[in-house]
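Biologist: Could you walk me through this one slowly? I'd like to see how each answer is reached.

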Amino acid sequence: MKSLGVFGGTFAPIHSGHLRLAIELKERLQLERVHIIPNARPPHRAIPEVPPQRRLEWARLAVGDEPGLFVDDREVRRALSRSEPSYTYDTLVELRHELGDAPLYLLLGDDAANNLHTWHQWRELFDLAHLIFVERPFEPPAPPAELNAFLRGRKAQSAEALRAQPGGLWLPLSVPPLAISSTRIRRLLKAGRSIRGLVPDAVIHSLTPQDVLALTHDEDPAYD
Ligand code: ATP
Ligand code: MG
């Protein structure tokens, strides 16, 4: 493997914004593969009503046969044998072992990026991977001074600079923004409105009344 992107999330449900982001970054960073990794027990929000197995199935349906995208079930499998939350740190440790010295890229929306200081072992993520921050068309939370101070000096000047080392740097990248969030999709479902165009058709067609009920009972995350 020459380079790998990691795109984690709750994906309740996965939507076209997620899919486009994975594809755009794969092309922009010339990644061999992007692993889409649904979490089992997100540390920063209520455990979703929708079981992880179902969120995994939706991710597989959304990805279909798109080349280079791969749905990775490791966080869901890990939750069967360990009781901790799904920490990105643990996932990157595993992937780093599998990859050797190839560059590893953690892909994050700016809402998640600006909350990085609340993540388990957040500084150590840079020992394992590069971080790529992508703007979303919503106002993100302001990053605290502690995070800004840490990021200063670790900013890459270009995508080429990232390719020259396995991890340790971050780069902001802009991709054409799609104003879609899972929160908005859950709200539309709650209101009985259509979600066509926001969520891949294969996922929409698989939704059972029980899925819709679980999605509409999901609490809003602390940030979305
Ligand atoms: P929710 O509203 O439930 O928080 P979400 O749409 O934010 O859902 P998550 O599963 O929380 O989706 O996000 C997973 C990752 O995808 C995060 O890094 C988030 O910033 C990013 N992301 C989600 N939607 C988009 C989008 N439209 N454009 C770019 N990044 C996105
Ligand atoms: Mg979110």
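Biologist: Is N114 buried or exposed?
Modeller: Keep in mind that this is a predicted model. N114 sits in the loop between α5 and α6. Buried means under 20% relative accessible area. The relative accessibility of N114 is 16%, so N114 counts as buried.

Biologist: What about R54, buried or exposed?
Modeller: R54 is part of helix α2, which covers residues 52-63. The cut-off for buried is under 20%. R54 has 17% relative accessibility, so the label is buried.

Biologist: Which side chain makes a polar contact with the side chain of R54?
Modeller: A polar contact needs a pair of N or O atoms within 3.5 Å. The side chain of R54 has such a contact at 2.8 Å, and the partner is D211.

Biologist: Let's turn to the ligand. How many residues surround ligand 1?
Modeller: Among the closest are H15, R45 and D111, along with S182 and T183. Sorted by type, the shell has 9 nonpolar, 10 polar and 5 charged residues. The count of residues around ligand 1 is 24.

Biologist: Which helices and strands each supply at least two residues of that shell?
Modeller: Two strands do this, β1 (4-9) and β4 (104-109). The helices that do it are α1 (16-28), α5 (110-113) and α9 (182-190).

Biologist: How far from an oxygen atom of ligand 1 is a backbone N or O atom of S182?
Modeller: Let's go through a few atoms around the ligand. A polar side-chain atom of H15 lies 2.9 Å from a ligand oxygen, and a backbone N or O atom of G109 lies 3.1 Å from one. For the backbone N or O atom of S182, the distance is 2.8 Å.

Biologist: And what share of ligand 1 does the protein bury?
Modeller: Start with ligand 1 taken alone, which exposes 600 Å². The space it takes is the largest cavity. Of that exposed area, the protein buries 95%.

Biologist: Which two residues does a cis peptide bond join?
Modeller: Most peptide bonds are trans. Here, look in the loop between β1 and α1, where P13 has its place. An omega of about 0° marks the cis bond, and the pair is A12 and P13.

Biologist: What is phi of Q30 near?
Modeller: Most residues other than glycine have a negative phi. Q30 is in the loop between α1 and β2, and Q30 counts as exposed because its relative accessibility is 55%, over the 50% cut-off. Phi of Q30 is positive, near 50°.

Biologist: Last one: is Q121 buried, partly exposed or exposed?
Modeller: Q121 lies in the loop between α5 and α6, and its phi is positive too, near 55°. Its relative accessible area is 34%, which falls between the 20% and 50% cut-offs, so Q121 is partly exposed.

Conventions: Residues numbered from 1 in each chain as written. Chains lettered and ligands numbered in written order. Predicted model: local features only at pLDDT ≥ 70, side-chain atom pairs only at ≥ 80, totals over all residues. Heavy atoms only, no water. Near = heavy atom within 4 Å. Polar contact = N/O pair within 3.5 Å; in protein donor to acceptor, adjacent residues only side chain to side chain. Areas by Shrake-Rupley, 256 points an atom, 1.4 Å probe, with all protein chains shown as cover. 1 Å grid on protein atoms, 1.4 Å probe; cavity = no way out; pocket = protein on both sides within 12 Å on 5 of 7 lines; lining within 4 Å. Sits in = over half its atoms within 2 Å of the grid points. Helix = DSSP H or I, 4+ residues; strand = E, 2+ residues; numbered from the N terminus. Nonpolar A, V, L, I, M, F, W, Y, C, P; charged D, E, K, R; others polar. Buried < 20%, exposed > 50% of the residue type's maximum accessible area, 1.4 Å probe, protein only.
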